[in-house]
Amino acid sequence: MTPAAAEPPLGNGFLASNSLAPIHALLVPPAALIKLKTPPRTHSFFDARNTLGLATLGASLTADALSTQKGLAYPGFMEMNPIARPFVQSRMGAAAYNAGSFGLMAGLMYWAHKTEHHKLERILPFVVGSWEGLLSARNYHVIANRK
């Protein structure tokens, strides 16, 4: 048998063939398998980590608000944040400012969640909560050491 007889002819007879059998089919399966990338796991916005982050943020905002209101009762104590200063002169204004701050942070977390910036979503409440906790500790330190 010659090599030319083993291969199918590529002339007009090849194109007019009604055979459904593949001509150049692999007799052996390929040795390498293609592994598909697994999609990233999705999580609910109100999962345990975000709930803990929001609780931490709420507690630190509350501590800062209480320490600020306690400090404003003494002469010489003032709000350092120029944006919050007009609001914290009354308790209702302070409550509105803190509720707005919490809502803004929760909204930023939700935006980060929806745009798949999950690291930012996780870090944001803890960073801001730590900052607010530091500010409330500073307020209580200033109140305790007043003259």
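Trainee: Which residues of helix 4 are buried?

Mentor: First, the basis: this is a predicted model, in which local features need pLDDT of at least 70, side-chain atom pairs count only at pLDDT 80 or more, and totals for chains, interfaces and linings use all residues. Residues are numbered from 1 along each chain as its sequence is written, and side-chain values use heavy atoms, with hydrogens and water left out. Buried means under 20% relative accessible area, exposed over 50%, and partly exposed in between, with a 1.4 Å probe and protein chains only. Helices (H or I, at least four residues) and strands (E, at least two) are DSSP runs, numbered from the N terminus. In helix 4, the buried residues are Gly93, Ala94, Asn98, Ser101, Met105, Ala106, Met109, Ala112 and His113.

Trainee: How should I read that spacing along a helix?

Mentor: An α-helix has 3.6 residues a turn, so residues three or four places apart point the same way. The buried residues of helix 4 pack against helix 3 (48–72) and helix 5; contact means heavy atoms within 4.5 Å.

Trainee: Which residues form the largest nonpolar core?

Mentor: A nonpolar core is a set of buried Ala, Val, Leu, Ile, Met, Phe, Trp, Tyr and Cys residues joined through side-chain atoms within 4.5 Å. The largest one here has eight: Phe45, Leu54, Leu57, Leu61, Met105, Ala106, Met109 and Leu124. At least two residues of this core come from each of helix 3 and helix 4. Leucine 57 touches Phe102, Met105, Pro125, Val128 and Gly129, setting aside neighbours within four places in sequence.

Trainee: Is leucine 108 buried, partly exposed or exposed?

Mentor: Leucine 108 lies in helix 4 and counts as partly exposed because its relative accessibility is 36%.

Trainee: And asparagine 139, buried or exposed?

Mentor: Asparagine 139 sits in helix 5 (residues 118–144) and is buried because its relative accessibility is 8%. Beyond residues up to four places away in sequence, asparagine 139 touches Asp64, Ser67, Thr68 and Phe77.
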